[in-house]
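Thanks for coming, everyone. I have one structure to walk through today. Please have a look at it first.

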Amino acid sequence: MLEEIADVLRERIVTGQLAPGDPIPSTRAIMRDHNVAMATASRVLALLQNDGLITSTPGRGSEVRAPDSSAQSILTRDGVVAVAVSIADAEGLAAVSMRRLAAALEIPTMSVYRYVPSRDELEVAMLDRVMGEMSLLPEAGDWRADLQGACRAMWQTMTRHPWFAGALSMTRPASMPNAMPLAERMLGSLCRAGLDPVQAFTDYLCLVNMIRALGSTLEPELSDRAETGVTNDEWMDTRVADLRRIAPPDRFPRMAAIMDVGYPYDVEVLVESGIERFLDGISARLV
């Protein structure tokens, strides 16, 4: 609730509804309008002040702070979002805060809000920017080849930006214009295969979710490797004894057999196998 109220006021400031010098709703006004306690209302004003968006003067209350003109020089919204993406690529999505972004841009935190009014809007803009980087090859005219190409382009984008898959929501998707070319390519390929629109959309969602699920393992693995210095294979080697203990050959012969062989885990292999077998299933249904 605290951040939601702060975001409402931030948006009014960055869109100009509240201009520099305009009074900010008082603590009592925030309490009344949002049905919150005085402590919460006070923290809302403290957040806005920490962001550099307002100033508070004893006896005068709080008012919108004028932007620092020196910080507005050559920055653009796209440039701000690009820096946020670079931080996420290097440090993970959790590292991208408005203050961290302001520090990277060497501008006051308040200036960041004038390009992206909230952290949520920033994340959507980051996702949309990455979607726009996706390189789709010209259509070959063969539904399977075109679908394979689209899936691989999506996967390559995820490997370049390991945080990307985990940030995507399939149940509550954000409005991202740059996501439309991939969706249209995949749906068009499935429809050319002979699927009706509903089944095509179902298979499209299944494919995207499968690739996204595998992509969501990228960032945690990189984080674990950076923290421990141990690769996935090395970590598994230290757990073989535990796995053998919970999977004795007399009860779990197939699991025991794969441990004897030693499975070379490779997420790239899983992606390729998943795509090929999924498309094999579609092909079999078309016969």
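Predicted model: local features only at pLDDT ≥ 70, side-chain atom pairs only at ≥ 80, totals over all residues.

Residues are numbered from 1 along each chain as its sequence is written, and side-chain values use heavy atoms, with hydrogens and water left out.

Let's begin at helix 1. Helices here are DSSP runs of H or I, at least four residues, numbered from the N terminus. Helix 1 covers residues 2-14, which makes 13 residues. From first C-alpha to last, helix 1 reaches 18 Å. That is close to the 18 Å expected at 1.5 Å a residue; the expected span is 1.5 Å times one less than the number of residues.

Which residues of helix 1 are buried? They are L2, I5, A6, L9, R10, I13 and V14. Buried means under 20% relative accessible area, exposed means over 50%, and partly exposed is in between, with a 1.4 Å probe and protein chains only. Look down the axis of helix 1: its buried residues fall within an arc of 160°, so they line one face of the helix. The arc is taken from the directions from the helix axis to the C-beta atoms. After helix 1 comes G16, with a positive phi near 90°.

Now the core. A nonpolar core is a set of buried Ala, Val, Leu, Ile, Met, Phe, Trp, Tyr and Cys residues joined through side-chain atoms within 4.5 Å. The largest one has 77 residues. Five of them touch the most other members: L122, M126, M158, W163 and M186. Helix 8, residues 143-160, gives the most to this core, with eight residues.

Take L122 up close. Contact means heavy atoms within 4.5 Å. Not counting residues up to four places away in sequence, L122 touches V81, A84, V96, M98, L101 and V116.

S118 also touches M98, along with D7 and Y113, again not counting residues up to four places away in sequence. S118 sits in the loop between helix 6 (109-113) and helix 7 (119-133).

Next, the cysteines. A disulfide is a covalent bond between the sulfur atoms of two cysteines. Here, the test is a pair of cysteine sulfur atoms within 2.5 Å. C191 is in no disulfide either; its nearest cysteine sulfur, that of C151, is 15 Å away. C191 is partly exposed, at 36% relative accessible area.

A200 is in helix 11, which runs over residues 197-215. With a relative accessible area of 0%, A200 is buried. Leaving aside its neighbours within four places in sequence, A200 is in contact with L187, L190, C191 and L195. For scale, the C-alpha atoms of A200 and V14 are separated by 42 Å, and the two are 186 residues apart along the chain.

D203 is in helix 11 too. D203 is buried, with a relative accessible area of 10%. D203 touches L190, L195, F278 and I282, not counting residues up to four places away in sequence. D203 and L187 are 16 residues apart along the chain, with their C-alpha atoms separated by 8.7 Å.

Back to helix 8, for Q148. Q148 is buried, with a relative accessible area of 14%. What does the side chain of Q148 make a polar contact with? It is the side chain of E276, at 2.6 Å. A polar contact is a pair of N or O atoms within 3.5 Å; within protein, one must be able to donate a hydrogen and the other to accept it, and residues adjacent in sequence count only if both atoms are side-chain atoms. Q148 touches I275, E276 and L279, not counting residues up to four places away in sequence.

Last, backbone angles. N35 is not a glycine, yet has a positive phi of about 55°. N35 is in the loop between helix 2 (27-34) and helix 3 (38-50). N35 is exposed, at 71% relative accessibility. E106, also not a glycine, has a positive phi near 60°. E106 lies in the loop between helix 5 (98-105) and helix 6. E106 is exposed, at 74% relative accessible area.

Conventions: Helix = DSSP H or I, 4+ residues; strand = E, 2+ residues; numbered from the N terminus.
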